[in-house]
Amino acid sequence: MNEVPVRRSVPSEESTRHFDPILRPELHELYTARAARLRELATGHELEAYLRLAADVAQAQAQAQAQAQAQATVSPESRSNAVAVDPVEIARQGTWVTHLDTMLDQLIPGASPAITPHLDALRAMSTQARLDAGLALAQHQFHSVSQALAPFLWAAFSLDAALAARTVPLPVASSEESPSCPVCGSAPVASLIYKGTRQGLRYLHCSLCESQWHMVRAKCTNCADAGDLDYLSFDSTEAVVRAESCGHCHSYLKVISQEREPNAESVADDLATLVLDDAASAEGYGRTGLNPFALPDQAL
Ligand SMILES: [Zn+2]
Ligand SMILES: [Zn+2]
């Protein structure tokens, strides 16, 4: 475990450069990149089988997204009176159940014997049971949904929220940087330090609608305090993934650096470093991030 000195000042480059307060990455590209990164991280990993399953789910999301766009009968304009995405409304509306069926079509033929019973169980669920489970996930009632089925249900539900997030007008950016997604209100997975044209900028990645929102670096993403931050990692101070912990509110969120690893992706790199979560929680910090493939077993 290495600790690096705290940087309290906002990098001057960041404070003077123009940036978009909210980003909505193109979904097919995002899911495909996530699947590729999960497969890359899976090789030789302790959780290899699960990382590969998560990659298959992300790839199935890409397929279901393409199908949903091809069949779209709702034009972006017709939904433009909405101000933001309401997860509970998305869950109730139930379009996501169609995405679940498309994803099961993709996943069932190549599934391992360990996973097949779960996919069959999802296939056999009544529409009402699916809707009830989706609503429970939207309300973070994780204990009432089977842990083996929850990641698949979340993936389909999340895809519908992500599609909706790309049709609504962006909320007006407030001067206050939010600990939760300004588009749908959900918790972040992690924060990502960008490469390329946004080099060095930090964005938090939404666990549900796949939007990203800007936050200056070196301040707590949960309580905005900048006075007592620490960075935990296993490899070195140059680690791709670090847990940014806050001594003020005793929480942490991972910071994932594309500057250090260009292929790094929030969901994939967070999932592959769950051992870092054990270390952070052993030091008394509570996780504020939510990973779609490692949902908690109780309400946040
Ligand atoms: Zn969101
Ligand atoms: Zn804090």
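Is helix α8 largely enclosed by the rest of the structure or exposed, and how many of its residues are buried?

Reply: The model is a predicted one. In it, 16 of the 16 residues of α8 are buried, so this helix is largely enclosed by the rest of the structure; the criterion for a buried residue is 20 or more other C-beta atoms within 10 Å of its own. Of the 300 residues of the chain, by comparison, 41% count as buried.

The helix covers residues 150–165. From its first C-alpha to its last, α8 reaches 22 Å, close to the 22 Å expected at 1.5 Å a residue.

The core has 79 residues, among which L153, F157, A161 and C209 touch the most other members. Domain 1 (12–21 + 178–287) and domain 2 (27–165) both contribute residues, so the core lies between them. In soluble globular proteins, nonpolar side chains tend to be buried together.

A161 shows the contacts in detail: leaving aside residues up to four places away in sequence, A161 touches V85, P87, I90, C184, L208 and C209. For the chain, 66% of the contacts with a separation of 6 or more are between residues 24 or more positions apart.

The loop between α7 (127–138) and α8 contains H140. H140 has 16 C-beta neighbours inside 10 Å and therefore counts as partly exposed. Its phi is near 60 degrees, a positive value in a residue other than glycine. Most residues other than glycine have a negative phi.

Technical notes
Residues numbered from 1 in each chain as written. Chains lettered and ligands numbered in written order. Predicted model: local features only at pLDDT ≥ 70, side-chain atom pairs only at ≥ 80, totals over all residues. Core = buried A, V, L, I, M, F, W, Y, C linked by C-beta atoms within 7 Å. Buried ≥ 20, exposed ≤ 12 C-beta atoms within 10 Å, placed from the backbone. Helix = DSSP H or I, 4+ residues; strand = E, 2+ residues; numbered from the N terminus. Domains from an automatic or database assignment. Contact = placed C-beta atoms within 7 Å. Expected span 1.5 Å × (residues − 1).
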